Amino acid sequence: MSDDNQTLPYPDAAAAHETLVIPGQNASEPAEVAARPKRRRWPWVLLIVVVVLGLLVVAAEFIARAVLPGVVRSLVVDELDLPADQQLDVEADGILLPQLIGGTLDSLHLSTDSVTLEGITGAADVTATGVPLRGGDLGGASGTIRIDQTQFTALLADTDLPVDAVAFDAPNATVSGTIPVLGIDIPVSLTVTPGAVEGDLELTPVELSVGGLVIDAGQVGSTLGSLGETLTQTQQICIADQLPAGLTLTGLEIVGSEAVIDIDVNGAIVTDEALLEKGVCPTS
């Protein structure tokens, strides 16, 4: 056999050999540790995105609540031709953003300590529902108007009652004035319990005094004639001509020093200007 292709001897097993290092692995670490995958970061990124979006929604809600009252107040002042400095508080219920996106407010509460409508001045609280933001009628509205004795006297000014002044003594009101008897003005006071029926003011007599003396109802007719008979009967008085046509009287009671008038508001009052004018009483 030729010596040109000599066979190399086997390495000595006792000799030290250089250890090969796999790229990316520390030679001092076990293979299973080095092969462990990196922790995923996407759940943390998603959490941060959700938190940021939540903060933006909260901020947008605060902005909407800050801006909306001013916008609504301006619209109401313009529509009702109120003074530019009219005090008017506006509050919306629920979370606003979905309502603004949908174009309708679920509920809107307006209140003022003093407002004058068709010559009647009082405090008002009104709650409207289904308020369209892009035009249209209200879904509905109702509220209360609180007036003092002077304003209540004005409501009765065009009636047949002898009205010079009105005094409240809850739940009643006493109407005072004079009536002519044989050319002499006799002081008369009529105590009534106010209420409302079919949109009219109702006065139920409680007591009548003439010249400071309480007169029996059966004697009133013979003493004061037809006027006396009228005074002792329950009276139904239309006051529609003293309120905007879009308001309907649904209740009235004396509470403390005020007459509390419950009203129903026609939802078309925001689109029909005629409903802002004075109403009309039926002619007899």
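Mentor: Helices (H or I, at least four residues) and strands (E, at least two) are taken as DSSP runs and numbered from the N terminus. The model is predicted.

Trainee: Which strand supplies the largest share of the lining of the second largest pocket?
Mentor: The second largest pocket holds about 220 Å³ of space. Among the residues lining this pocket are Gln235, Gln236 and Ile237. The strand that spans 235–237 is β10. With three residues, the largest share of this lining comes from β10.

Trainee: How do the residues of that lining divide by class?
Mentor: The lining of the second largest pocket includes Leu155, Asp158, Thr159, Asp160 and Thr230. Asp241, Gln242 and both Cys238 and Cys281 are also among the lining residues. By class, the residues divide into four nonpolar, five polar and three charged.

Trainee: How far apart are the sulfur atoms of Cys238 and Cys281?
Mentor: A search of the whole structure finds one disulfide. A disulfide is counted when two cysteine sulfur atoms lie within 2.5 Å. Cys238 and Cys281 form a disulfide, with a sulfur separation of 2.1 Å.

Trainee: How many residues apart are the two cysteines in the chain?
Mentor: The link of Cys238 and Cys281 is left-handed, with -90° about the S-S bond. It joins distant parts of the chain: Cys238 sits in the loop between β10 and β11 (247–255), and Cys281 in the segment after β12 (258–265). Their separation in residues is 43.

Trainee: Is Cys281 buried or exposed?
Mentor: Under 20% relative accessible area counts as buried. Cys238, at 23%, is partly exposed. Cys281 has a relative accessible area of 18%, so it is buried.

Trainee: Which element gives the largest share of the lining of the largest pocket?
Mentor: The largest pocket contains about 1100 Å³ of space, and 43 residues line it, with Val76, Glu79, Leu80, Leu110 and Val270 nearest its centre. At least two lining residues each come from α2 (42–79), β2, β3 (120–132), β4 (140–147) and β12. By class, the lining has 29 nonpolar, eight polar and six charged residues. The largest share, eight residues, comes from β2.

Trainee: Is Ser107 buried or exposed?
Mentor: Ser107 is placed in strand β2, residues 104–117. Beyond four places in sequence, Ser107 touches Glu91, Ala92, Asp93, Gln99, Thr127, Ala128 and Thr129. Its relative accessibility is 13%, so Ser107 counts as buried.

Trainee: Which residues is Leu156 in contact with, leaving aside neighbours within four places in sequence?
Mentor: The largest nonpolar core has 50 residues, and Leu156 is one of those that touch the most other members. Leaving aside the sequence neighbours, the contacts of Leu156 are Val163, Val166, Val175, Leu201, Leu203 and Ile237.

Trainee: Which peptide bond is cis, with omega near 10°?
Mentor: Most peptide bonds are trans. The cis bond runs from Ala170 to Pro171.

Trainee: What is the relative accessible area of Glu198?
Mentor: Glu198 lies in the loop between β7 (184–197) and β8 (200–210). Its phi is near 50°, a positive value in a residue other than glycine. Glu198 is exposed, with a relative accessible area of 74%.

Trainee: What is phi of Asp81 near?
Mentor: Asp81 is found in the loop between α2 and β1 (89–92). Asp81 is exposed, with a relative accessible area of 70%. Asp81 is a residue other than glycine with a positive phi, near 55°.

Terms used
Residues numbered from 1 in each chain as written. Predicted model: local features only at pLDDT ≥ 70, side-chain atom pairs only at ≥ 80, totals over all residues. Heavy atoms only, no water. Buried < 20%, exposed > 50% of the residue type's maximum accessible area, 1.4 Å probe, protein only. Contact = heavy atoms within 4.5 Å. 1 Å grid on protein atoms, 1.4 Å probe; cavity = no way out; pocket = protein on both sides within 12 Å on 5 of 7 lines; lining within 4 Å. Points joined across faces, edges and corners; volume = space filled by probe spheres on them. Nonpolar A, V, L, I, M, F, W, Y, C, P; charged D, E, K, R; others polar. Core = buried A, V, L, I, M, F, W, Y, C linked by side-chain atoms within 4.5 Å.
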